[in-house]
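Work through the exercises below with the model open. Try each task before reading its solution.

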Amino acid sequence: MAENGAADGDKAYLWRLHRILATYVLGVLGFLALMTWAESRGLSRHWIGPIFLFLSVMVYAGIGVYGRTTDAEEYYVAGRRIPPMYNGMAAAADWMSAASFISLSGALYLQGFSGTPGHAGGLAYLLGWTGGFCLVAILVAPHLRAMGLYTVPDFFQVRFGGRWPRVIAALAAVVCSFTYVVAQIYGVGLIASRLTGVQFEIGIMLGLGGVLLCSFLGGMRAITWTQVAQYVVLLLAFLIPVSWLAYKQLGNPVAPLVYGTQISKIADMEAELLASPAEYEVVAAYLARARDYEARLENVEAALEDERIAIREKIRVLRAKNADVGLIVAASRELAALPRDATAARERWTKLMQENYERAQPLGGLPRHSHAYAGYPDGTPEEQAVFTDSRRNFLALMFCLMVGTAGLPHLLMRYYTSPTVAGARASVAWSLFFIALLYLSAPALAVLVKFEVMNNLVGSHFDALPNWIAQWARVDASLLSIEDMNGDGLVQFGEIHLGADLIMLATPELGGLPYVVSGLVAAGGLAAALSTADGLLLTISNALVRDLYFQAKPRNASPEQRVILTKFTLLAVALAAAFVAALKPSDILPLVSASFSLAASAFVPVMVLGIFWRGTTRQGAVAGMLCGLGLAAYYMLSHVPSLRATLPHWLLADGLWFGIQPISAGVFGVPAGLVSAVLVSWLTRPPPLRPPVRLEM
Amino acid sequence: MMQPPPPSHEAELAGPFPPDLHDVRHLQLKAGLLLLWALVSFVAMYFARDLEALVVGGWPLGFWIAAQGAVLVFIAIVVVYCWAMNRFERQDAAQADLPSAPPAPQSHPHG
């Protein structure tokens, strides 16, 4: 498979690729210039969004159609002839999901250095998602590539033999990839609904069409080249607004080099806000609201009934006044949106109470931006406890994301497409480079946006709010809400609520860029979500078809028939994921982090042991995977509120272990997997082989 | 629960396959780089609050390491690993070439 013989042919192939890439980049830039010109000549905003959405999806689909294949080697591993640089680009696009592109800067904005005490985050995401590549490069990828496999579960069968290691690995791959793909499709829906103004659910379906056209027709080969195209779009979409903001604020477009000065300015402004009386009025208003919900929770049924009566009365009054239909519809919606019964009301009001309590803090509950960890190491015992807890959760989250990186099947699969083992190593290095291009700018963006908000938005008048605020608030109130809590007509920092998923998408408008850049950013978010969804869907369908269906018993099927079956499984999985995403399960980042913890616990201990310790047995591998995955899943599920309410208490883990948040369940899963794999391997070790000499005799 | 490997239609996937023994130099390289990896991520972040007080060129050091320094070191680690492994493999290939029969250099890559 290695193409050592035709060095000249390789070079020509590489040059042809470079030429195509250069033409493509120029094409994208030219298109941007054209759109900017058209906007200045009066092209309506209603058209710009759909044009970006439609054209970008068409380009990806075009590449998908061009790269269509039914050949197994091409479908599963792109013929193993992707040069490292392009493999790195594709891996970077595959890697940078909707979570990275849409939510990461937002999370850094909201969580600062290390997140709030109950919710670690911030730079842990950045470190986790880059540091994991060291593990991939050093411990995993080249070794897997050396074995010449097709999927990650293949490794478990080749290394350990038997059926169970592979079956468990395939199931684990499906579980963690599915959680992840739901998050991607949610991101697609969010962007498509913003760009085109259609409903969230229709947005999901539109984006899904784009995903399917690529992965359905061409498998790994088409996905690889689509991902390269998507990487270019998402890189431009990220760097243009960041550079613009940096140029606007600091006079230098290379944001990562210069944003240090803004950090100290933000620290000063934070100190000012912490001393401002208006901010304390806002805090008091939120506190009052939270107490109101708390009071309602004392007698949920009565409060719910009161609420219903109040809204019905409002509708009646509106009807009687022959008021605007819009107002009546809004009031009826409010009525329909009321919780159906007391349990639902209790759940929702508890959530609202917590949210309001969270916002009833200085700086709207946001930590100080560049300040590591909450609490004080030299303070009271309570503050010390907060400090250690916050630091421990930060390190735990970082650990889970790093180790999870080394275990996510859709990423590892990418390195199978490299022509040689050395190529696989180089591919990892290129991936990290291309990812870092974006990740070094993400904290810069968070800092610049925070400066922009604190400097310009805070203190402006409510009746002079920019347009984009109303537009986004209409898409989803949880993304953006801004409300005059203390009634002084001025925006206080505590009154602005920005959702993590919003900040990147709204950055161009915040910075006053032409609307074309908003379109580009949305297209970039779409590219990020689509590229990751492509890779994930392929992983899931491969695991289901190659690793489960055809391994259960040998079936007579030609490679082409298998590929076709994989394609239809992919279609089914994509529809299932879209269905789950349409339920809007939760924010993007927590979902993604959960799948990292699962992947870390299920795959990494056994995979690394399998590669580096010859004594690992099949039984040990099975035990390691089951214990790791089981413990991580158990710890996470024990803290899901709805399960806590339904399952008996003795079944669930009581409280947090060592104060670790459920999102970082991998901290327990990984050691559990490691220890159980080693122990069981040791117990079931085969009798020592006789020296070969005696066999000869 | 454990069964003997089922008769598989893909002969190369039939049985357990213990990995090749790893070259000691490779293991040392890996250990050294992983130590550096742990140092810039876990150790540095453990002391992030103490590093915050140091301000270098306008940057609080703790924030700079988390936002940029560590990522740059990660890239360096991966690049050094690539370079060193390629070097080892070239050395191995050169040594294998000294005796008369040159084996294919790609046949037993260690990763």
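This is a predicted model: local features need pLDDT of at least 70, side-chain atom pairs count only at pLDDT 80 or more; totals for chains, interfaces and linings use all residues.

Residues are numbered from 1 along each chain as its sequence is written, and chains are lettered from A and ligands numbered from 1 in the order in which they are written.

**Exercise 1. Confidence**

Task: State the scores of the complex, then find which element of chain B has the lowest mean pLDDT and which the highest.

Solution: 
- The predictor assigns the complex an ipTM of 0.86 and a pTM of 0.85.
- pLDDT is the predictor's confidence in each residue, from 0 to 100. Chain B averages 76, and 70% of the residues score at least 70.
- Elements are DSSP runs numbered from the N terminus: helices are H or I with at least four residues, strands E with at least two. Strand 1 (residues 55-56) of chain B has the lowest mean pLDDT, 82. Helix 1 of chain B has the highest, 91.
- Over residues 1-15 of chain B the pLDDT is below 50, and this stretch has 19 contacts beyond near neighbours in sequence. Two residues are in contact if their C-beta atoms, placed from the backbone, lie within 7 Å.
- Residues 101-111 of chain B also stay under 50. For them the model has 18 contacts beyond four places in sequence.

**Exercise 2. The fold of chain A**

Solution: 
- Chain A has 28 helices and four strands.
- Along the principal axes, the C-alpha atoms of chain A fill a box of roughly 100 × 65 × 55 Å.
- A residue is buried if 20 or more other C-beta atoms, placed from the backbone, lie within 10 Å of its own, exposed if 12 or fewer, and partly exposed in between. By that count, 54% of the 697 residues of chain A are buried.
- A:Ile223 lies in helix 9 (residues 200-250) of chain A.

**Exercise 3. Two partners of one helix**

Task: What are the crossing angles of helix 3 of chain B with helix 1 of chain B and with helix 6 of chain A?

Solution: 
- Axes are lines fitted to C-alpha atoms, for helices over the stretch in contact, and angles run from 0 to 180 degrees between N-to-C directions. Under 35 degrees is roughly parallel, over 145 roughly antiparallel, 65 to 115 roughly perpendicular, and the rest oblique.
- The axes of helix 1 (residues 24-46) and helix 3 (residues 61-97) of chain B come within 10 Å and cross at roughly 180 degrees. Helix 1 of chain B is therefore roughly antiparallel to helix 3 of chain B.
- Residues of this contact include B:Leu33 and B:Trp37 of helix 1 and B:Val73 and B:Ile77 of helix 3. They divide into 16 nonpolar, two polar and one charged. Ala, Val, Leu, Ile, Met, Phe, Trp, Tyr, Cys and Pro count as nonpolar, Asp, Glu, Lys and Arg as charged, and the others, Gly among them, as polar.
- The axes of helix 6 (residues 123-146) of chain A and helix 3 of chain B come within 9 Å and cross at roughly 5 degrees. These two helices are therefore roughly parallel.
- Among the residues in this contact are A:Phe133 and B:Phe74. The contact has 15 nonpolar, two polar and no charged residues.

**Exercise 4. The chain contact**

Task: Which element of chain B supplies the largest share of the side that touches chain A?

Solution: 
- The contact takes 50 residues from chain B and 54 residues from chain A.
- Helix 3 of chain B supplies the largest share of the chain B side, 17 residues.
- By class, that side has 33 nonpolar, 13 polar and four charged residues.
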